[in-house]
Amino acid sequence: MSTRHREWPVALGLAPVMLLILAPFAWLIVSSLKTEAEIGQADPYAWPADLMWRNYQDAWQIGGFGELVGNSLLNLAGVVLLTLLTCAPAGYALAKIRFPGREWLFYTFILGLTIPVQAIVIPLYQVLFGLNLVNTLSGIVLAQVSSGIPFGIFLMRSFFISVPDELIEAAKIDGASHLQILTKVLLPISTPAIQALVIISALSTWNDFFLPLIVLISPEVQTLPLGLVRFASTYASEYRLVFSGTVISFLPVIILYILMQRRFTEGLTQGAIKG
Amino acid sequence: MINRETPGSSTVAPLGNRSAIAKTATVEAGGSVARRFDSHDTGSALWLMAPALVLYAIFSLLPIAATFWLSFNSSAGFNTASSFVGLDNYAATAADPIVWQSLWHTLLWLIYHVVLAGGLGLALALAISRLKVTQVFFRTAFFLPHLVSLAVVGVIWANIYDPFYGLLNTALTELGLGAFTQGWLSDPALVLFSVNVASSWQGFGLYMLLFIAGLQNIDHSLYDAAEVDGASAWQKLVYVTLPGLREVTTFVVSLAMINGLKGFATVFVMTNGGPFYQSELITTYIYRLAFQSQDHGRAAVLCILLSLLAIAITLVFNRWRARLSK
């Protein structure tokens with residue numbers, strides 16, 4: 001194509017746009033290394049005289065970020081694992097097995113895909129309370145897995161549908177059970193779908209705020225976004241702590257993304273289109 | 001149970017053997033089998049569906065049903081006795097001016113989000129998609145805000161909008177534009193828009209990725225043909241690119257509307273609906289009624305309203321998309 005010569009003018013034009021869009025990150029990172037007095041000068045273009053790494057130590061300790069990160073990781077691992085364990089078999093059954101009520105089940109899941117979790121939150125809280133799951137990580141995991149199940153099932157189902165029936169018939173003739181077909185034939189060729197499901201459920205769990213806000217009441221069980229919000233409102237007048245705590249909350253995921261951006265991009269795009 | 005084709009609900013490709021499934025007998029307990037189904041298959045399917053179905057029934061279907069029940073009952077809070085009150089909660093909800101305000105704010109919120117986040121996503125996708133060397137770099141950079149939790153985005157932007165130390169007002173002042181400084185979150189006329197900017201900053205990245213994927217699907221020979229015909233860059237955009245993006249655009253708009261409808265965290269963190277309910281959304285008002293005022297009946301009515309809005313948006317856009325793909 002003849003568009004190659006346009007590359008650098010367009011890139012040059014995009015640079016200021018990028019600076020503007022990423023300015024919040026840059027400002028937070030720079031400000032998080034300032035002293036309280038320097039922040040008080042209210043000059044966003046000024047550089048800190050000394051880089052105050054101590055802000056991070058203080059925020060980490062006072063905010064209990066170690067515990068928050070640990071809880072978030074446990075939360076994420078539980079949701080991703082359970083999502084795969086529930087959605088892959090169900091997606092397979094809906095895609096490739098003929099059974100009575102399949103159509104009906106399909107529409108039931110569409111209902112769940114449509115209704116926002118905020119719209120069922122009162123009885124959801126009551127159910128969790130009845131099962132003694134309020135204020136526990138197991139409770140938040142189960143609630144999040146359930147609210148992600150319709151999406152996960154559709155994603156896996158639409159992938160399995162694209163697998164030719166002959167592959168499954170051949171395995172059946174060899175005497176494979178449905179579980180064996182799923183684990184030995186389908187899952188090994190399902191990397192794109194599994195990757196999409198893992199990335200989407202991991203990211204949405206890591207970033208979830210609404211369900212943790214309802215379910216996780218005491219600080220020891222809270223996850224990172226919820227803990228940061230509590231921390232930021234408790235220490236609202238100490239900007240250096242709020243800024244460094246905020247950077248702690250967003251930087252790890254951003255670094256992880258930059259390292260694996262191709263997989264993230266593929267997974268998120270595929271997931272959004274197929275789900 | 002005779003299966004009826006339900007128009008408008010074909011979000012995903014229709015089931016393979018739809019006609020074969022139609023006209024089958026009811027599902028009975030224990031998976032009793034109609035003639036056309038292999039009993040072994042049915043048993044396996046139930047086992048494979050069971051884990052998902054059990055979780056989904058307890059934590060999603062039961063709450064959906066219970067929300068209706070709650071809306072017809074009065075209750076003074078969690079774990080208290082409740083009594084049937086008919087349509088009282090519906091009447092009280094309709095008479096509550098804050099409900100109408102929050103509904104209006106939610107609709108504005110949707111429009112802002114579609115225009116800001118969808119528009120920025122489209123503009124950046126168009127700009128980036130022609131790049132070869134730097135495309136991945138810009139795509140990665142522009143996507144970064146989408147990785148941040150909306151709650152963290154709320155904390156970030158509450159600080160950006162801080163009237164004295166925030167990035168926005170201090171940057172404007174330093175640039176000699178002090179006249180443009182605002183109480184971004186305290187001005188009732190501005191607050192909803194300001195908070196929405198924060199949400200849209202987080203949201204546009206995904207829409208940009210979807211538009212980029214849509215652009216890659218446009219048949220390249222169309223551009224070659226347009227070039228042969230001597231089309232200008234503008235004509236190519238209007239006659240080739242935008243029509244080619246029609247399907248992905250409807251998808252992005254519907255996704256942005258649903259995401260907007262679910263908007264909660266940024267408002268909760270930045271303003272908690274204030275000042276004077278000027279940034280109250282349906283979702284934040286549900287939270288206030290359910291978990292602060294303990295008025296479950298009225299909260300449940302709003303929950304039903306929220307669900308109906310979500311269903312309406314989904315149905316309208318599925319119709320629209322079905323018509324486009326014909």
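Author: A residue is buried if 20 or more other C-beta atoms lie within 10 Å of its own. Keep that cut-off in hand. The model here is predicted.

Reader: Take Phe159(A). Is Phe159(A) buried or exposed?

Author: Phe159(A) has 23 other C-beta atoms within 10 Å, so Phe159(A) is buried. Phe159(A) sits in helix H7 of chain A, residues 137-161. Look along the chain too. Ala193(A) is 34 residues away from Phe159(A) in sequence, yet their C-alpha atoms are separated by 6.5 Å.

Reader: Now chain B. Why does Thr170(B) count as buried?

Author: Thr170(B) has 24 C-beta neighbours inside 10 Å, so Thr170(B) counts as buried. Its helix is H7 of chain B, residues 167-174.

Reader: Which residues is Thr170(B) in contact with, leaving aside neighbours within four places in sequence?

Author: Ala42(A), Asp43(A) and Pro44(A) from chain A, plus Tyr165(B) from chain B. For another distance, take Ile160(B). Ile160(B) and Thr170(B) are 10 residues apart in sequence, and their C-alpha atoms are 9.2 Å apart.

Reader: Those contacts cross chains. How many residues of chain B are in contact with chain A?

Author: In general, the size of an interface is often given as the accessible area lost when the parts come together. Here we count residues instead. There are 85 from chain B, in contact with 88 from chain A. Helix H2 of chain B, residues 39-71, supplies the largest share of chain B's side, 19 residues. By class, that side holds 59 nonpolar, 19 polar and seven charged residues.

Reader: H2(B) also packs within its own chain. How do I read the pairing with H14(B)?

Author: Two packed helices are described by the angle between their axes and the distance between the axes. H14(B) covers residues 296-325, and its axis comes within 7 Å of the axis of H2(B), crossing at roughly 130°. That angle makes H2(B) oblique to H14(B). The crossing is left-handed.

Reader: Which residues of H2(B) and H14(B) meet?

Author: From H2(B), Thr67(B), Phe68(B), Leu70(B) and Ser71(B). From H14(B), His296(B), Gly297(B), Ala300(B), Val301(B), Cys303(B) and Ile304(B). The contact has six nonpolar residues, four polar and no charged.

Reader: And nonpolar cores? Which residues touch the most other members in the largest one?

Author: The general idea: in soluble globular proteins, nonpolar side chains tend to be buried together. The largest nonpolar core here has 167 residues, and Phe211(B), Ile286(B) and Leu302(B) touch the most other members. Helix H8 of chain B, residues 191-216, gives the most to this core, with 14 residues. Follow Ile286(B). Beyond neighbours within four places in sequence, Ile286(B) contacts Gln118(A), Ala299(B), Leu302(B), Cys303(B) and Leu306(B).

Reader: Finally, zoom out. What does the secondary structure of chain B come to?

Author: Chain B has 14 helices and two strands. Buried residues make up 42% of its 326 residues. Among contacts in chain B with a separation of 6 or more, 67% join residues 24 or more positions apart.

Conventions
Residues are numbered from 1 along each chain as its sequence is written. Chains are lettered from A and ligands numbered from 1 in the order in which they are written. This is a predicted model: local features need pLDDT of at least 70, side-chain atom pairs count only at pLDDT 80 or more; totals for chains, interfaces and linings use all residues. Two residues are in contact if their C-beta atoms, placed from the backbone, lie within 7 Å. Helices (H or I, at least four residues) and strands (E, at least two) are DSSP runs, numbered from the N terminus. Ala, Val, Leu, Ile, Met, Phe, Trp, Tyr, Cys and Pro count as nonpolar, Asp, Glu, Lys and Arg as charged, and the others, Gly among them, as polar. Axes are lines fitted to C-alpha atoms, for helices over the stretch in contact, and angles run from 0 to 180 degrees between N-to-C directions. Angles under 35 degrees count as roughly parallel, over 145 as roughly antiparallel, 65 to 115 as roughly perpendicular and the rest as oblique. A crossing is left-handed if the near helix is turned anticlockwise from the far one by less than a right angle, and right-handed if clockwise. A nonpolar core is a set of buried Ala, Val, Leu, Ile, Met, Phe, Trp, Tyr and Cys residues joined through C-beta atoms within 7 Å. A residue is buried if 20 or more other C-beta atoms lie within 10 Å of its own, exposed if 12 or fewer, and partly exposed in between; C-beta atoms are placed from the backbone.
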